[in-house]
Structure formats: C-alpha cells, structure tokens
Amino acid sequence: MGSNGNFLDNEEAPTYAPSIPVPNVQELVRKDPLQVPQRYVREVEDRPKDTDTSYLSSVIPVIDLSLLFMGNNEELTKLDLACLEWGFFQVVNHGVAKQVSQKMKDAAAEFFELSLEEKNKYAMPSDDIQGYGHAYVVSEDQILDWSDALILLVHPSHYRKLKFWPNSPKGLLEIIEEYSNAIRKVATELFQSFSLIMEMDKEALLGLHKQLVQAYRVNYYPPCSKPDQIKHNNEWVPVNPIPDALVVNVGDVFEIWSNGKYKSVEHRAVANYNKARISYASFLFPHDEVEIGPLSHMVDSKTKQQLFKKVRYGEYLRSSMNKKMEGKAHTQMAKIEG
C-alpha cells in the first residue's frame, strides 16, 4: 500500500495510446495562413446546422461552488438538473485564485511561442500521449483536430514522466502543479456534491476512484473559421464563457455509474477566425484497475434495466483512445445490447 492507502507509490507510470505522427498545425499556419488541408475539414453532416441555437447559450447552467460547499440545497438541485439535462455547466466562486490561473496561462502561451525545434524536445512518443504533439491519431484518413497539444500526467506525482515536462519557460512544472492542485481541490468538492445528488455519502464517489488520476492538457488552436460549441438535444450550442469561471463536463464514468441518468456531453473547443486561441483542460479519472458499472441503487427498481456492463476502467479508456470514435459514441462500448 502507498501513502494514498490504495496503490504503491513506486507503481510504474501507465502508458495510454499509440498515435501516428502528423504535421504540426502551428507550423502549417505559419507557412501558409490561408490554407486548411483537407484532413482538417469535417464532413458536412458533422458541422453545425443553420438553425440558430445561440439563445441557449444564456441558459447554460451556472453553479456557485461556494454555495455547494455550504450545503445549499437549492444549489444542489441546480447541479442535479445541470447533470441531468445538460451534462455541462460553468462553475463560479470556485476558489482558484485568479493569479494562479493567469500564471499558468502566461506560461502555456510562452511555451507555444518557442521554436518548433525547442518544443519537439518534448515530443510525444509513438506509444503514449504524454508530451507535445497530436494525440489519438489512429489512421491516415482520420479527420484531424485543428490544434497542437501539450499533455502531462500530474497526479499522482509518480505518474509524471518528467522528460516531457518543458524546462522553458522557467518554473513551468511548479506553475502547472500549483494550478492542478487548485483544480483538484475544486474537483474533490464537486465529487462530494455529485455523491449527494446520487444519494450517497459525500465521500463515496472519491472512494470509488481508488486513486484519483489527473492529467493536464493545453491546446493551441491557430486561426481558423470555426465556432465554439457543445451539443444539447443533438444541436450544437455556442458557449459564452463567464470570465474566470471553470467549465465542467460530466464524464463517461459518471454516466456509467449513474446508469445513464447523467449524460457525458459531446463538446468541441475550437479556433478563433483571425487569431490563435489556447484552451486548458484538466481530466480527473479513476485508477486503471477500478471496475466501473452502474451503481446498484441507480438501476431502476421497477424495470431493473442495467444500461451498462461492468468494465475495467483502464481497458475502457484505452479502447476509446485507440478507436478514436467521433462524439460520445465510445460509451456504446460499455452498453448492454438488446
């Protein structure tokens, strides 16, 4: 047993998914700003329809974490509805200091301004997703994302592969660590509230993870004419982020544990038309060995219909990465047929 009470602290850092090398998008744009290669153009049926859904952006749920922390029942009900109807919400009063976020954003921007030669010192290996590059490319004819990324495992600390952590800008490791610690604190508080809306003890969901694993990803999107949206009722909805708010997506594991009550929503973070954009994402998920499946009390007591089978999380995660299915189709892998 390690200090976390579940797994050894000298446990080997996992590898996740192989990826085929592809061109650097930032360099493509630098060489020819007007050219968007065909591999980055999505099929017509996969693009937003002409129907105007912008009015929905004003009703995307906003959750006040300070109220949840105080046990406010009204805010807990709002969270339940947000997970039920949207699978997506913005969090305000979350306690992540503005200067901590800004330091991280400045350092990330500085990294992407480095030369390609310097950034490639931290290039992703062909068999994993940690490092700088383009992850989840599994075929030569796959439609590619219009972005380059830096992906790092940050927690537990013995999962870190430090050869992929850039030395420049100075102090990047400490900056990402400070930011990630703050995000993990927010996630822990949200897990407590998720546990309550699922009618469990507030520490239950965190316990089900066995070992909370955390990854950090920063994406660089060169200029490209595309909107920023999530999917709601099969329509793309533009998102107008609240300044300093955190955007939270319900994940696949939560959908499976809830037996489909709460939905893992499809979303896309995409580019601005005339300037580069950088997005920052934190992923929090269970240890590879955790078995995920519908919790017994979330299965309807009348129909007894269990929508998902039990599956080892590590297998589920790597299967979804290797297949690189579009949208949220990979939850189908855990679905019970019939």
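These notebook entries follow a few elements of a predicted model.

I noted the ground rules before starting: residues are numbered from 1 along each chain as its sequence is written. In this predicted model local features need pLDDT of at least 70 and side-chain atom pairs count only at pLDDT 80 or more, while totals for chains, interfaces and linings use all residues, and side-chain values use heavy atoms, with hydrogens and water left out.

**Strand S4.** I found 7 of the 8 residues of S4 buried, where buried means under 20% relative accessible area with a 1.4 Å probe and protein chains only. I then checked its partners, since two strands pair if DSSP finds at least two bridges between them. Strand S3 (residues 131-133) runs antiparallel to S4 and is joined to it by 3 bridges, with Gly133 opposite Ala149. Strand S5 (residues 213-221) is also antiparallel to S4, over 7 bridges, and there Leu152 has Tyr216 as its bridge partner.

**Helix H6.** I compared the length of H6 (residues 172-197) with expectation: its 26 residues should span 38 Å, and the end C-alpha atoms lie 37 Å apart, which agrees. The expected span is 1.5 Å times one less than the number of residues. After H6 I came to Glu199, whose phi is positive, near 60°.

Methods
Buried < 20%, exposed > 50% of the residue type's maximum accessible area, 1.4 Å probe, protein only. Helix = DSSP H or I, 4+ residues; strand = E, 2+ residues; numbered from the N terminus.
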